[in-house]
Amino acid sequence: MRLPFALAALAWLLPFAVAAQPQAAGPTLAAVKARDILVCGTSTGAAGFSLPDSRGEYRGLDNDLCRAVAAAVLGDPAKIRWVPLTTQARFPALQSGQIDLLIRTATWTQGRDTANGLNFTAVNFYDGQGFLIRAALGVKAATELAGASICVVAGSTNELNLADWARQNRVEYRPVVFEQNDEARRSYLAGRCDAYSTDASQLAGLRASFPHPEEHVILPEIISKEPHSPVVRHGDDQWFDIVRWTFFALLIAEENGITQANVEEHLNSQNPEIRRLLGLSGDHGPLMGLDRRWAYWAIKGVGNYGEIFERNLGQGSSIKLRRGLNDLWSRGGLMYAPPIR
């Protein structure tokens, strides 16, 4: 009677034994490793998220998250080819295989998630749509914008949200629609629009970049939920896991006080969670087809999530956003990572 019991036990354990084996490279990981470059879709210009600096180097929260993935996969955050994409071109570029990964202030919606052959991996920034106006107009609330011309970007959730909000609040307005954020920004500054409506974080970045930011105000109303997420194609679960868990690793690093500057010191840690994160124990990297130190390389390359936020959007930037919903769950925010175990 012992043999059937032993066979039953073996059959029960078999799925776990199989799951523990190192994974071969799937199609996207294999392609990235073969060319030794991550092709990342980015914005044509969104202050704090993705914007070329004076040397043409892309800077922003989205760019740093792309660098983290490059570091996790290739061991080097600089092994990236940037593909700037308009709002309308971003999803087709990913669907067609022109890029490996899209991190470009893309709002996660049910329609985008189910109808376009795409997967949203994890919310990397919680936002909401607002309004930017000239202080001289004396407008105190968005409902006072009746009859105003409002700049908005075509093909975005912002365009749809604005129409829904106006209909619900019975506000007649004149939309002035542009293909790119930069076009909308220039037109607003030139006086072609009375107001500009997009994600509130981007409005803060735009305002900070203006010659006289004090002449512009962001109204208090937030009219939508805009959860941003990195996006990958359907059909490659391994690549989905890599992108999702690279982001989670940056949150876990912040939870444990691991920074770009001190990550080396933590290689001596006896904390079991830190040891798993940094590849000192377990096979969590090989389970995704990566090196055991995949998370170490990501943290070493760009720092933890809090560092990325602060230098691009927070107090270390010209935008100076508060963390708010984007703070860790332990400090009242919504950023919460499942454990690496």
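Helices (H or I, at least four residues) and strands (E, at least two) are DSSP runs, numbered from the N terminus. The model is predicted: local features need pLDDT of at least 70, side-chain atom pairs count only at pLDDT 80 or more, and totals for chains, interfaces and linings use all residues. Residues are numbered from 1 along each chain as its sequence is written, and side-chain values use heavy atoms, with hydrogens and water left out.

The protein holds 12 helices and 14 strands. Its radius of gyration, taken over C-alpha atoms, is 22 Å. The C-alpha trace spans about 85 × 40 × 40 Å along its principal axes. Of the 341 residues, 51% count as buried. Buried means under 20% relative accessible area, exposed over 50%, and partly exposed in between (1.4 Å probe, protein chains only). Contact means heavy atoms within 4.5 Å. Among contacts between residues at least 6 apart in sequence, 71% join residues at least 24 apart.

N124 lies in the loop between β6 (118–120) and β7 (125–127). With a relative accessibility of 1%, N124 counts as buried. Leaving aside residues up to four places away in sequence, N124 touches L61, D62, L65, I103, H228, S229, P230, F247, Y305, N326 and M335.

Two strands pair if DSSP finds at least two bridges between them. β8 and β11 run antiparallel and are joined by 5 bridges. I133 has A195 of β11 as its bridge partner, and L132 stands opposite Y196 in β11. β9 and β11 run parallel, joined by 2 bridges. Here C151 has Y196 of β11 as its bridge partner. In a regular strand the side chains alternate between the two faces of the sheet.

In helix α7 (residues 181–189), the buried residues are N181, A184, S187 and Y188. They cover an arc of only 130° around the axis, which puts them on the same side of α7. The arc is that of the directions from the helix axis to the C-beta atoms. An α-helix has 3.6 residues a turn, so residues three or four places apart point the same way. Just after α7, G191 takes a positive phi of about 90°.

Helix α9 (residues 237–255) has 19 residues, which at 1.5 Å a residue should span 27 Å. That expected span is 1.5 Å times one less than the number of residues. The end C-alpha atoms of α9 are 27 Å apart, which agrees. α9 is mostly covered, with 14 of its 19 residues buried. G257 follows α9 and has a positive phi, near 70°.

Technical notes. The radius of gyration is taken over C-alpha atoms; the globule rule is 2.2 Å times the number of residues to the power 0.38.
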